[in-house]
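Please look at the sequence and the model first.

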Amino acid sequence: MRQMSGFSSTYRRELGAYFATPMAYVFLAVFLLALGLFTWEAGRFFDTGVADLQPFFVWHPWLYMIFLPALAMRLWADEKASGTDELLLSLPIGIPGLVLGKLMAAWTVAAAGLLLTLPMWASVNFLGSPDNTAIALAYFVSLLMAGAYLSIGAAVSALTGSQVTSFVISVVIAFVFTAAGWPVVLSTVQSLLGTGFADIVARFSFITQFEGAQRGVLELRAVAYFLGFTATFVFLNCLWASRQRLG
Amino acid sequence: MLEVKALEKSYGSRHAVRGVSFAVEKGTVLGFLGPNGAGKSTTMRMISGVLEPDSGDALVDGKSIISDRRAAQASLGYLPEGAPLYEDMTPPEFLRFLAEARALPLKSRRDAVDRAIADARILSVSHQRIGDLSKGYRRRVGLAGAILHDPPVLVLDEPTDGLDPNQKRAVRALIARMAPTKAIIISTHTLTEVPAMCHRAVLIDRGRIIADDTPARLARRSEDGTLESAFSRLTDQVEDENL
């Protein structure tokens, strides 16, 4: 429990920092705009003739891949740039508390983004009779997936100490874990390395793990995957943030 | 109150701090002097638990910064070089963040914040964002953060650096007010303020302590009896020895 000291103060400080500057507002506005655009234009929301949110959820991994590293890139790099990392390390608090406080603050902003899409859910209920349990489930797994994407960004931010570098590296890592389930990538892997290997690659893909939830199926495997993935990057984040003490 | 024992630190092949040891008692303000890159900030970072030493230890109010880091850090107030602060916060918000992070008892948090604001004389700017404050006020907000929990040991890295004479006087007055009840280490480049502010001066160069005396006795080591000349003579000597 002592390791978690500093969690609530860090969480509040980081959440305040997002909303003290235009950062969170710009993120939310552009994220919602992009999500709307993809759902209606690329996803042809109204042309499917079905009252569900499949054309909406299908874009989540791709948009998260770009937007969430942008949200997380400042978490540690900003501390380093302004020298406040030294201030934090001089406080009697544990690194895990800092890491989780920062991650949860970014996750809360991402959750706010999802919350603001609820009118879309209301719309499909107005237009027809969707399976609301399935939609709630997809929202839940999408939120877990957002945590996984954010954990990449936060950990890399602690590693690089530069916001731009952190963003670029995080997007590349996120792309690898997203595109691994993309049919184009999978068929290439399959032809080069065989079906068995392609299956393994697909299993690590966010798209593959999120597919079940999009159909309204609760796969514990997917929940465990996203939580495990986040935990792994939280661990790496702790490791990389502690490195600072070594000089 | 503070005991520094044979601290060592290397960055790659560069030996930044080589066996630095000294002790500071309550009521003493110790001036930590030395040229740029002498190892002052590295030593202060190790004492504050920001950097892990390669070997050695620092006991803050009897608590080891190595084996009992958090307890030691709870007894220590640290102002890093340049007084880094969260610019998007107001001074009270920043102090409340520190009070929560330091897990001060809920009942005493407001009192601690009010007292630090009063002691650092920053009440008049408490509604402004830290990013909008002058350098002098920012330094005082940093000092307010360091004294928030009323620690017995204070480590202040260049608290007056870059301030105008009036701002320097205000910071010096604040340190003088706190001096009787605390052990304070201050690093500074401004040697003229050392006799007025410090009871003792430790001179460090190339990671080693080369003098530890009262500012007056240290000044007498030079031909013209000034601390500047003593500083130049002693640090030049080390340079010659290393040639």
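Helices (H or I, at least four residues) and strands (E, at least two) are DSSP runs, numbered from the N terminus. Two strands pair if DSSP finds at least two bridges between them. The model is predicted: local features need pLDDT of at least 70, side-chain atom pairs count only at pLDDT 80 or more, and totals for chains, interfaces and linings use all residues. Residues are numbered from 1 along each chain as its sequence is written, and chains are lettered from A and ligands numbered from 1 in the order in which they are written.

**Sheet of chain B**

B:Leu2 has B:Val60 of β4(B) as its bridge partner. The strands β1 and β4 of chain B run antiparallel and are joined by 5 bridges. They belong to an open sheet of 4 strands, in the order β2-β1-β4-β5 (chain B), with antiparallel pairing.

| Strand of chain B | Residues |
|---|---|
| β1 | residues 2-11 |
| β4 | residues 55-60 |
| β2, edge | residues 14-24 |
| β5, edge | residues 63-64 |

Each edge strand pairs on one side only.

**Domains of chain B**

An automatic or database assignment gives domain 1 (1-75 + 152-218) and domain 2 (86-150) of chain B. Their C-alpha centres lie 23 Å apart. The contact (C-beta atoms, placed from the backbone, within 7 Å) takes 12 residues from domain 1 of chain B and 11 residues from domain 2 of chain B. On the domain 1 side, β7 (153-157) and α6 (165-178) of chain B each supply at least two residues. The largest share of that side, 5 residues, comes from α6(B).

Technical notes:
Contact = placed C-beta atoms within 7 Å.
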